[in-house]
Amino acid sequence: MSGKDQSVISKEALMSTKPGKQIMKQALFKKKGYKLFNHYKEETEKEFPNFSERFAQDLYKEIKSDSSPNSTQQAFGDEVGSNEIILKASEIDPIRAKLDNIEVIRDRVSRILNSNFVKMTFPVFNALFDGAAEYLGNKDAQLKQDIVEGHILAIDLSEPMDRIVDKDEDLEYLDDYKLMNPYILKLARDKISKGGDKVLNEFEEGFKEARIGQYLDEELKSKPTQITEEEMTLSYKKYRSVMGTAGRNMALAERPLGEIFYLGMARAAEGVGCGNEIEDSIKNGFVKIPSWPLYYSLLANDVKKGFDITLEKSNLYLQDARLAIELLPEGFSHKEFLEFLFLTVEHYNQFWYNKLQKANKWSEFESRLPE
């Protein structure tokens with residue numbers, strides 16, 4: 001709801017869905033959930049330029065001070081299991097020379113931060129950390145900045161990596177991103193480690209699991225008609241491991257709150273994943289591969305039915321996410337924030353589904369299904 005595409009939250013858009021109307025009602029009566037959500041949204045907009053500058057300065061220092069950039073590239077390629085997203089040894093020096101300029105670094109940072117995922121997630125992490133800090137009695141402004149920004153950096157890493165793999169935007173900057181990626185991960189780790197070994201270990205496990213999901217997602221592109229339910233669920237680790245782990249770490253990995261946050265954030269992220277697949281299918285002009293709409297369309301031999309069931313799937317994920325609210329401690333200060341957050345996810349999914357219904361692209365989608 002704080003992303004690049006403001007058409008999703010226009011008055012007309014909100015009026016077009018049932019959850020959107022509930023959002024407008026909350027805003028009209030200034031309900032606690034809306035006020036908390038708006039507070040964190042405004043706080044993020046105010047602080048985002050400072051975060052962006054810290055990111056650029058820290059990244060510039062890391063790149064400049066590395067005495068063995070080729071080893072850094074190789075280690076990163078080994079960790080993520082791909083040589084496609086790193087530079088060859090002969091390519092490093094020219095790219096490094098280009099990035100030996102803080103203005104160039106600022107430009108690249110601003111490009112990868114211009115992401116719905118980043119902009120919509122920042123206020124959520126701030127709210128979760130504040131709620132947990134109040135419950136645990138552990139308020140520390142610097143620790144909050146480190147943990148929140150560390151996880152935002154880790155999420156932001158997915159932007160350049162996706163652009164490199166998909167080759168769908170920023171084509172002239174992809175080599176720059178290849179050089180930057182290992183240092184972004186290092187910055188994320190350095191910040192997250194301020195929360196202690198338990199928090200860092202949770203991040204490492206989540207990062208590994210997310211890569212498993214991402215790797216499978218790439219593999220499934222080569223066998224679109226043979227995808228199983230189990231494979232689709234496993235590939236969704238790319239959503240649930242990233243957001244679930246971040247949620248857990250906003251409570252410094254302390255049970256039970258950390259586990260409750262994991263459940264809420266993991267399932268909400270999977271719900272958003274369904275909406276994202278609907279949105280991408282509209283924008284691309286074909287059913288996304290792999291995706292739940294593709295899986296269900298092929299099983300039903302009916303594209304419209306495939307998307308109908310995908311919306312139901314997103315609602316099941318959200319039902320699970322809302323179970324987390326029921327598990328929160330009595331009197332938890334940010335309960336209404338989470339209720340409002342999940343309402344925005346429901347609106348997002350319903351909005352793109354309604355768009356798809358109006359677009360009436362069923363025959364076009366049918367004709368472009370994989371054989």
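Reply: Rings of Phe, Tyr and Trp (its six-membered ring) count as a pair if their centres lie within 6.5 Å; planes under 30 degrees apart are called stacked, those over 60 edge-to-face, and the rest tilted. By this rule Y236, Y239, W292, Y295, Y296 and Y317 form one aromatic cluster. The model is a predicted one, in which local features need pLDDT of at least 70 and side-chain atom pairs count only at pLDDT 80 or more, while totals for chains, interfaces and linings use all residues. Residues are numbered from 1 along each chain as its sequence is written, and side-chain values use heavy atoms, with hydrogens and water left out.

The structure as a whole holds 19 aromatic pairs. One of them joins Y236 and Y317, which are stacked, with 5.9 Å from centre to centre and 15° between the planes. This pair links distant parts of the chain, since the two residues are 81 residues apart: Y236 sits in the loop between helix 11 (229-235) and helix 12 (237-250), and Y317 belongs to helix 15 (residues 303-327). Helices here are DSSP runs (H or I, at least four residues), numbered from the N terminus. Both Y236 and Y317 are buried, a word used for a relative accessible area under 20%; exposed means over 50%, and partly exposed lies in between (1.4 Å probe, protein chains only).

An α-helix has 3.6 residues a turn, so residues three or four places apart point the same way. W292 counts as buried because its relative accessibility is 0%. Y295 is buried as well, with a relative accessible area of 14%.

W292 also has a charged neighbour: K313 lies over the face of its ring, at 4.5 Å from the ring centre. A charge sits over a ring if NZ of Lys or CZ of Arg is within 6 Å of the ring centre and within 35 degrees of the ring normal.

Now the salt bridges. A salt bridge is a side-chain nitrogen of Lys or Arg within 4 Å of a carboxyl oxygen of Asp or Glu, and a search of the whole structure finds 39 of them. In one, the side chains of K98 and D176 meet at 2.9 Å, N to O. K98 is in helix 5 (residues 89-98) and D176 in helix 9 (residues 174-192), 78 residues apart, and the pair links distant parts of the chain. D176 counts as buried, at 0% relative accessibility, whereas K98 is partly exposed at 34%.

D176 forms a salt bridge with R108 too, the closest N and O atoms being 2.7 Å apart. R108 lies in helix 6 (residues 102-113), 68 residues from D176, and counts as buried at 8% relative accessibility. Salt bridges that share partners join K98, D107, R108, R111, E159, R163, E169, D170 and D176 into one network.
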